[in-house]
Amino acid sequence: EALLRRLVWVEDARGARLEGDIAVEAGETSWRFRPTRPWAPGEYTLCVHPALEDRSGNRFDRLFDRDVTASQAAGESVAQRLPFRVRS
């Protein structure tokens, strides 16, 4: 749960991290975010840091202990980003 709270976040279109409440549920398999202010229409991004691991130490940026991203091969930690839009 601590990793989910620290390594998953939401950014606005300017790249600023949104403040809000995080809920981790269902045996640490569900992450829910409620922003402090109501969602405004616009572009947002869900970000996940590559250090996020499951209980067995598996990471989304590694398959069978091999790097799958060029940035990882260069020694950088780059968050995975999933853009989404809130419509009015």
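On a 1 Å grid over the protein atoms alone, a pocket is an open set of points where a 1.4 Å probe fits, with protein on both sides within 12 Å along at least five of seven lines, and its lining residues have an atom within 4 Å of a point. This is a predicted model, in which local features need pLDDT of at least 70 and side-chain atom pairs count only at pLDDT 80 or more, whereas totals for chains, interfaces and linings use all residues. Residues are numbered from 1 along each chain as its sequence is written, and side-chain values use heavy atoms, with hydrogens and water left out.

The second largest pocket is lined by Asp12, Leu18, Glu19, Pro35, Thr36, Arg37, Pro38, Trp39, Ala40 and Tyr44.

| Pocket | Volume | Lining by class |
|---|---|---|
| Largest | about 250 Å³ | four nonpolar, three polar and six charged residues |

Glu11 lies in strand 1 (residues 8-12), a strand being a DSSP run of E with at least two residues. Glu11 counts as buried because its relative accessibility is 11%, the limit being under 20% with a 1.4 Å probe and protein chains only. The side chains of Glu11 and Arg81 are joined by a polar contact of 2.7 Å, that is, a pair of N or O atoms within 3.5 Å, one able to donate a hydrogen and the other to accept it.

Terms used. Helix = DSSP H or I, 4+ residues; strand = E, 2+ residues; numbered from the N terminus. Buried < 20%, exposed > 50% of the residue type's maximum accessible area, 1.4 Å probe, protein only. Points joined across faces, edges and corners; volume = space filled by probe spheres on them. Nonpolar A, V, L, I, M, F, W, Y, C, P; charged D, E, K, R; others polar.
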